[in-house]
Amino acid sequence: MNKINEILNLLNLLDEHYPHDGKCFLNYNEDWQLLIATILSAQCTDARVNLVTEQLFKKYHSIESFASVNISELESDIKSTGFYHNKAKNIILCAQRLLEVYGGKMPSDIEELTSLAGVGRKTANVIRGHIFSIPSIVVDTHVKRVSYRLGLTNTIDPEKAEFQLMEILPKESWIKYNQQVISHGREICTAKRAGCEECFLKEICEKKIENST
C-alpha cells in the first residue's frame, strides 16, 4: 500500500470508525504526570496504569516528590504495573534529571527527552505529541502490528517502522493515526486474533487472516 489514494482511503476509513480527536489514553493533568504514566505503561495496559496513577498522583504531588521518594516505597506503589524495580529506578532518575538539568520543565527535543532514564522514542513521541502538539508517530505494540499487517511497514522493528510511517503518512494525521490504530488493534486486529471477517479495512489490507502474525 504505497499509493496516495490508498493512504487517503485508509485514513478516511479510520476517521469514520474512530472519530475521536487523538485524546491520550493515559490520564494526566501535569506534563510530568504523562511522562511517569508512559514509563509505567511499558508492558502494561493503559487501564491498569490509570488505576495506579489515580492514587499515585494523589500521594506524590510534584516532580520533586518523585525525585526524593524512597525507591522501595515507590516500588510498592507501582508493583501491579510489572517490572516495578526498573520502573521505580527510572522514574526517580528521570525526575532528578528533569530538576537538575531542565529546572523541572519538560523538554520538547527528542534527543533531550531520550536522555532521561527509561525514556525511549515511543515515550518521547507521546510527550511531543500530547504535551507540545508536535506531530509524532508512536509505535507501540498495536501500531507496530496493525501497520505491518496493513502493509504500511515491512518491519517489526519499532524505530524502523516509525520512520517508514513518517515517510508515507501526512504529518497532520500522525497523532490521530496513533490513537486510531491503537483502538483498532485493541478491538479488532488483536495480537491473538486478526478479526479480518469483521474488519472494515479488509479490502485494503495486505495480510489476510490465515497469514497474519
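Let's start at K122, which lies in helix α8 (helices being DSSP runs of H or I, at least four residues long, numbered from the N terminus). This is a predicted model, where local features need pLDDT of at least 70, side-chain atom pairs count only at pLDDT 80 or more, and totals for chains, interfaces and linings use all residues. Residues are numbered from 1 along each chain as its sequence is written, and side-chain values use heavy atoms, leaving out hydrogens and water.

**Around K122**
- K122 counts as partly exposed because its relative accessibility is 33%; buried means under 20% relative accessible area, exposed over 50%, and partly exposed in between (1.4 Å probe, protein chains only).
- Beyond its neighbours within four places in sequence, K122 is in contact with S41, V138, V139 and D140, where contact means heavy atoms within 4.5 Å.

**The nonpolar cores**
- A nonpolar core is a set of buried Ala, Val, Leu, Ile, Met, Phe, Trp, Tyr and Cys residues joined through side-chain atoms within 4.5 Å.
- The largest has 38 residues, and L35, I36, L56, F66 and L74 touch the most other members.
- Helices supplying at least two residues each to this core include α2 (31-40), α6 (84-102) and α8.
- Apart from it lies another core of 25 residues, with L11, L13, A161 and L201 among them.

**Helix α10**
- In α10 (residues 158-168), the buried residues are A161, E162 and L165.
- These sit on the same side of α10 because they cover an arc of only 105° around the axis, taken from the directions from the helix axis to the C-beta atoms.
- Exposed K160 and E167 are on the face turned away from the buried side of α10.
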